[in-house]
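Colleague: I am new to this one. Could you walk me through how to read it?
Modeller: Gladly. Ask about one feature at a time.

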Amino acid sequence: MNEFWSTLTDSERDAFRQRATTRHWQRGDVLFREADQSGWVAALVAGRVKASCHSASGTEILLAVRGPGALLGELSAVDRLPRSATVQALDPVTALVMPPAGFQEYLQQQGRVAFQLMRLLAERLRDADRKRIEFGAQDSTGRVAARLVELAERFGTPVDNGIHVAVRLSQDELAGWIGASREAVTKSLRVLRDSGWVRTSRLSVVVLDLDALRRRADGGPPD
């Protein structure tokens with residue numbers, strides 16, 4: 001999935017920087033909470049964050065993991081409704097922050113950026129539709145495989161014999177992301193380990209066979 005910053009030209013980035021200020025958060029800090037009123041829009045410069053919401057029973061549901069270049073808080077800035085999710089830093093985070101009024105003015109003056117934002121929002125909607133199809137068509141192991149493929153492709157670092165996924169997500173968070181229990185995630189990771197496709201340790205995964213994971217995520221056999 002493309003990120004907002006990568007779609008901008010140099011002049012569009014300069015115009016954004018001129019309106020923004022730089023802010024920093026430590027790992028574990030909450031950037032904003034679900035139902036908060038919009039106070040700013042941010043473009044991530046460094047670090048990764050997770051976006052989540054909570055069910056009526058209090059269960060955390062992970063919606064997405066975003067990395068450098070992502071835009072945060074744009075929905076509330078546009079529709080002026082409260083925040084739709086809580087965003088928390090998974091790493092030390094640096095971002096360019098702009099008040100909602102400044103962001104709206106920026107979009108009015110930079111028509112191409114407004115169009116790019118529409119394309120990114122459409123891409124996110126398509127991704128959400130794809131995940132809903134996964135929930136209905138895939139078992140928990142297939143959904144875990146799909147999320148590991150996504151993390152490896154977006155945030156993975158090549159290492160000996162595999163791809164290291166350095167995003168610090170617990171099994172509870174992964175369970176909330178795929179709509180399953182923690183026990184189901186534990187069992188699914190065991191299946192993937194026993195198949196020789198991943199190696200796991202606390203808050204860390206090394207993908208050993210990305211192609212096999214992709215095939216499992218698509219619902220087919222590994223070979």
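Colleague: How many salt bridges does a search of the whole structure find?

Modeller: First, the ground rules. This is a predicted model, where local features need pLDDT of at least 70, side-chain atom pairs count only at pLDDT 80 or more, and totals for chains, interfaces and linings use all residues. Residues are numbered from 1 along each chain as its sequence is written, and side-chain values use heavy atoms, leaving out hydrogens and water. A salt bridge is a side-chain nitrogen of Lys or Arg within 4 Å of a carboxyl oxygen of Asp or Glu. The whole structure holds 19 salt bridges.

Colleague: Which parts does the salt bridge between Arg-112 and Glu-12 tie together?

Modeller: The N to O distance in that pair is 2.7 Å. Arg-112 lies in helix H4 (residues 111-137) and Glu-12 in helix H1 (residues 10-19), so the bridge links parts 100 residues apart in sequence. Helices here are DSSP runs of H or I with at least four residues, strands are runs of E with at least two, and both are numbered from the N terminus.

Colleague: Which residues does Lys-131 meet in salt bridges?

Modeller: One is Asp-127, at 2.6 Å from N to O. Asp-127 and Lys-131 are four residues apart in helix H4, so about one helical turn separates them. Another is Glu-150, at 3.4 Å from N to O. Lys-131 lies in helix H4 and Glu-150 in helix H5, so this pair ties together parts 19 residues apart in sequence. Lys-131 and Glu-150 are both buried. Asp-127 is buried too.

Colleague: Which residues do salt bridges with shared partners join into one network?

Modeller: Glu-3, Asp-127, Arg-130, Lys-131, Arg-147, Glu-150 and Arg-154.

Colleague: What does the domain assignment give?

Modeller: Domain bounds come from an automatic or database assignment. Here they are domain 1 (4-134) and domain 2 (139-218). Their C-alpha centres lie 25 Å apart. Contact means heavy atoms within 4.5 Å. It takes 15 residues from domain 1 and 14 residues from domain 2.

Colleague: What is the area buried between domain 1 and domain 2?

Modeller: The size of an interface is often given as the accessible area lost when the parts come together. Buried area is that loss for two parts, summed over both (1.4 Å probe). Between domain 1 and domain 2 it is about 1,300 Å², with carbon and sulfur atoms giving 52%. The two domains also share two salt bridges.

Colleague: Which residues touch the most other members of the largest nonpolar core?

Modeller: In soluble globular proteins, nonpolar side chains tend to be buried together. A nonpolar core is a set of buried Ala, Val, Leu, Ile, Met, Phe, Trp, Tyr and Cys residues joined through side-chain atoms within 4.5 Å. The largest has 29 residues, and Val-65, Val-144, Leu-148, Leu-151, Val-167, Leu-169 and Leu-213 touch the most other members. Helix H5 gives the most to this core, with eight residues. Domain 1 and domain 2 each supply at least three residues.

Colleague: Which residues does a second, separate core include?

Modeller: It has 18 residues, among them Trp-5, Ala-15, Phe-16 and Leu-96.

Conventions:
Buried < 20%, exposed > 50% of the residue type's maximum accessible area, 1.4 Å probe, protein only.
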